[in-house]
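The report below describes a single protein chain, moving from the assignment of its secondary structure to the surroundings of selected residues.

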Amino acid sequence: MTGSRQSDALRLSDNIAERFTDELAVESPLSIDIKHKSAIIPMGITMRTPGEDKDLAIGFLYSEGVIDKFTDIESISQSKDRISIAIRDEAEFEIESHRRRSEEHTSELQS
């Protein structure tokens with residue numbers, strides 16, 4: 001999938017209609033998982049324009065404090081809308097602080 005697609009459009013100006021083809025950005029979900037010491041931790045889903053998914057996921061893990069440097073990554077695998085990054089066992093981080101707790105937050109909001 002590329003980051004854009006063509007679409008038919010209609011431009012209205014001074015009561016004149018003009019048909020043309022426009023280039024539109026595509027947006028789709030990307031699931032990010034990390035694997036660390038045999039645990040798989042879902043990091044969440046983000047919307048993105050497809051294209052540089054690996055760079056997006058690496059930057060996300062860095063900004064979340066999961067990795068300190070690129071060499072903390074052992075491997076990266078990607079399918080259509082999912083990316084899994086294996087973190088070296090030597091890379092230490094607090095797993096519980098990175099788990100998503102959407103179910104807990106949902107029940108808190110409903111109370």
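Helices (H or I, at least four residues) and strands (E, at least two) are taken here as DSSP runs, numbered from the N terminus. The model is predicted, with local features requiring a pLDDT of at least 70 and side-chain atom pairs counted only at pLDDT 80 or more, while totals for chains, interfaces and linings use all residues. Residues are numbered from 1 along each chain as its sequence is written, and side-chain values rest on heavy atoms, with hydrogens and water left out.

**Overall composition and confidence**

The protein chain contains two helices and six strands, which follow one another along the sequence in the pattern β-β-β-β-α-β-β-α. Of its 111 residues, 25% are buried, where buried denotes under 20% relative accessible area, exposed over 50%, and partly exposed the range in between (1.4 Å probe, protein chains only). The accessible surface of the chain comes to about 7900 Å², and 48% of that surface belongs to carbon and sulfur atoms; such areas come from the Shrake-Rupley method with a 1.4 Å probe, and for residues only the protein chains shown count as cover. Among the contacts in the chain with a separation of 6 or more, 40% are between residues 24 or more positions apart, a contact meaning heavy atoms within 4.5 Å.

The pLDDT, which is the predictor's confidence in each residue on a scale from 0 to 100, has a mean of 84 over the protein chain, and 83% of the residues reach 70 or more. Over residues 102-111, however, the pLDDT is below 50, and beyond near neighbours in sequence this stretch has zero contacts in the model.

**The four-stranded sheet**

Four strands form an open sheet in the order β4-β3-β6-β5, with mixed pairing; two strands are said to pair if DSSP finds at least two bridges between them. Strands β4 and β5 are the edges, each pairing on one side only, and the twist averages 20° from one strand to the next. In general, the strands of a sheet pair through backbone hydrogen bonds, either parallel or antiparallel.

Both arrangements can be followed at β6. Strand β5 (residues 73-79) runs antiparallel to β6 and is joined to it by six bridges, the two strands being connected by a hairpin of two residues. Strand β3, by contrast, runs parallel to β6, and six bridges join this pair. Five of the six residues of β6 are buried, so this strand is largely enclosed by the rest of the structure. Some of the bridge partners in β6 are listed here.

| Residue | Bridge partner in β6 |
|---|---|
| Serine 77 | Serine 84 |
| Isoleucine 73 | Isoleucine 87 |
| Isoleucine 34 | Isoleucine 85 |

**Two buried serines**

Serine 84 is found in strand β6 (residues 82-87) and is buried, with a relative accessible area of 11%. When neighbours within four places in sequence are left aside, serine 31 is in contact with Gly44, Ile45, Asp81, Arg82 and Ile83.

In helix α1 (residues 53-63), the buried residues are Asp53, Ala57, Ile58 and Leu61. Seen down the axis of α1, these residues fall within an arc of 130°, so they line one face of the helix; the arc is that of the directions from the helix axis to the C-beta atoms. The opposite face, turned away from the buried side, carries the exposed residues Asp55, Tyr62 and Ser63.

The buried residues of α1 pack against β3 (28-36), β4 (39-48), β5 and β6. The helix lies across these strands and runs at about 50° to β6, given that axes are lines fitted to C-alpha atoms, for helices over the stretch in contact, and that angles run from 0 to 180 degrees between N-to-C directions.

Glycine 59 also lies in α1, where its 36% relative accessibility makes it partly exposed. Its C-alpha atom is separated by 9.6 Å from that of phenylalanine 70, eleven residues apart along the chain. Just after α1, glycine 65 takes a positive phi of about 80°.
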